[in-house]
Amino acid sequence: MTNTKDILKNAEDRMKKAVEVVRSELAKIRTGKATTALLDAVRVEYYGNPTPLNKIASVSTPDVHTIAIQPWEKSLIPHIEKAILQSNLGLNPVNDGNIIRVPIPPLNEERRRELVKLVKKFGEDGKIAIRNIRRDAIEHLKKAEKNEHLSEDERKRGEQEAQKLTDKYIKDIDALLVQKEKEIMEV
């Protein structure tokens, strides 16, 4: 990768992926009603491997305030409970011995604030990823200049383009955060 276009194209592709990761993380944050997508990120230890919850249990929403989890094997119930508690989703599973019910509490003001903090954390993680991608692109540009594949002017133009991409994708993340925060704070 010695061509400025290639370096910038690679950086842009990686920045798009970073925005998509933030978008998918935000989709998992609930805004008031139960959805099985809330538990998509939960991984359960299953024969020594972290396994997606929906691969080892039936996950459903019998009503708007409850998620029901029916494991294929009863022995998994404590592992599923533990995984949900450790997932930082703020959910408390209830185990009746056969099925796990996850009540989705209505969002009170305090919980809304907690979720907004979580949204901001995901956003900041995405922005850090984008800045790291920019740094990598600039390092590639400097290496290309050092190896005499680029002129100094080309490198500087490439650095400016990398900054423009960074600004664009950080703005995209900010827009996602504003939208999600608005959804959460709606009563």
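The lining of the largest pocket has 7 nonpolar, 2 polar and 3 charged residues. This is a predicted model: local features need pLDDT of at least 70, side-chain atom pairs count only at pLDDT 80 or more, and totals for chains, interfaces and linings use all residues. Residues are numbered from 1 along each chain as its sequence is written, and side-chain values use heavy atoms, without hydrogens and water.

**Pocket**
- The volume of the largest pocket is about 170 Å³.
- A pocket is an open set of points on a 1 Å grid over the protein atoms alone, where a 1.4 Å probe fits, with protein on both sides within 12 Å along at least five of seven lines.
- Lining residues have an atom within 4 Å of a point; among them are Glu25, Lys28, Ser87, Asn88 and Phe122.
- Helix H3 (residues 109–146) gives the most to this lining, with 3 residues.

**Helix H2**
- Ile77, Ile80, Ala83 and Ile84 are buried in helix H2 (residues 77–86), buried meaning under 20% relative accessible area with a 1.4 Å probe, protein chains only.
- They sit on the same side of H2 because they cover an arc of only 130° around the axis.
- Lys82 and Gln86 are exposed on the face turned away from the buried side; exposed means over 50%.
- Asparagine 88 follows H2 and has a positive phi, near 60°.

**Hairpin**
- Strands S1 (residues 43–46) and S2 (residues 49–52) pair in the antiparallel sense over 4 bridges; pairing takes at least two DSSP bridges.
- Tyrosine 46 has asparagine 49 in S2 as its bridge partner.
- The hairpin has 2 residues between its strands, and tyrosine 47 in the turn has a positive phi of about 50°.

Methods
Grid points are joined across faces, edges and corners, and a volume is the space filled by probe spheres set on the points. Ala, Val, Leu, Ile, Met, Phe, Trp, Tyr, Cys and Pro count as nonpolar, Asp, Glu, Lys and Arg as charged, and the others, Gly among them, as polar. The arc is that of the directions from the helix axis to the C-beta atoms.
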